[in-house]
Amino acid sequence: MSQLRDTASSLPPGLLASVADLREMELARAGGADIIDLKQPAFGALGAWSPEALTAAVMLWNAWGEQLGEAARPALSATAGDQPMVPALIRAAAERVAETGVPIVKVGLFHSKHTNECIEALAPLASRARLIGVLFADQEPDFAVVGALGRAGFAGVMIDTADKRAGSLTEHLDPLTLGQFVAEARRHGLITGLAGSLRLGDIPSLTGVGADYLGFRGALCEGGRTGALDPMRLGQVYARLREPTDHSRP
Ligand SMILES: O=C[C@H](O)COP(=O)(O)O
């Protein structure tokens, strides 16, 4: 999908696959990912690719547009790194990504009393890239931030986990709370994503929450999130997302 879904839909959530290099980017496209998310998992929850590598990824993505047509290629996002919540630093990191031509920039909003200042610092960038604010399930996320993101012109908001050793999204937040998050985001016109050490077994309960996409890295890899993307695991996630929901399955 070249556009993310922006309305409630009976379709299953889209598949966001985080990839660590160009080879994985190709595998994710071949495996049917709706959003290819350029992320270096070895550098943290939202570890960033280098600007040079991002530029190469944008060239590949542009080539897909010519070969497949823009509507048939996946969307492309990239993370801006695990940045301190300092407005000037977070803005500079997001700009570094946007300047490479990556159309969707994911910015981590780690727990801080400076969150609103950081969102304000990012607002001017919203005219040049689709910004996604990332909240963290293991840092007591404040859903009041969602309204601030909408007012600042962000395109979307997602929840992930910051500490990948401290449990998955579904261990921190229940489906009811996640449903409230999705509803609040929609009220502000934001697309939504859910991630955080998700496994195959998490998919049925999260499908009912109504988010626009579910994000995966660890579940796609041989040997965990810093391992290599495995097309077979990707295929299993892809297939499970499209299965009719059956809450009795593991
Ligand atoms: O944006 C999605 C993340 O890359 C998810 O990573 P994870 O499944 O390893 O927590």
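Here are a few notes on the barrel, the ligand shell and one proline.

1. A word on the model first: it is predicted, local features need pLDDT of at least 70, side-chain atom pairs count only at pLDDT 80 or more, and totals for chains, interfaces and linings use all residues. Residues are numbered from 1 along each chain as its sequence is written.

2. The fold has a closed barrel of 8 strands in the order β1-β2-β3-β4-β5-β6-β7-β8, with parallel pairing. From one strand to the next, the twist averages 25 degrees. Strands here are DSSP runs of E with at least two residues, and helices are H or I runs of at least four, numbered from the N terminus; two strands pair if DSSP finds at least two bridges between them. Angles run from 0 to 180 degrees between N-to-C directions, with axes fitted to C-alpha atoms.

3. G108 stands opposite V134 in β5.

4. Around the ligand there are 17 residues, and the closest are S18, A195, G215, R217 and G218; being near means a C-beta atom, placed from the backbone, within 6 Å. Both β1 (14–19) and β8 (213–216) supply at least two residues of this shell.

5. Have a look at P141 too, in the loop between β5 and α5 (144–151). P141 is buried because 21 other C-beta atoms lie within 10 Å, the cut-offs being 20 or more for buried, 12 or fewer for exposed, and partly exposed in between. The C-alpha atoms of P141 and L109 are separated by 9.3 Å, with the two residues 32 apart along the chain.
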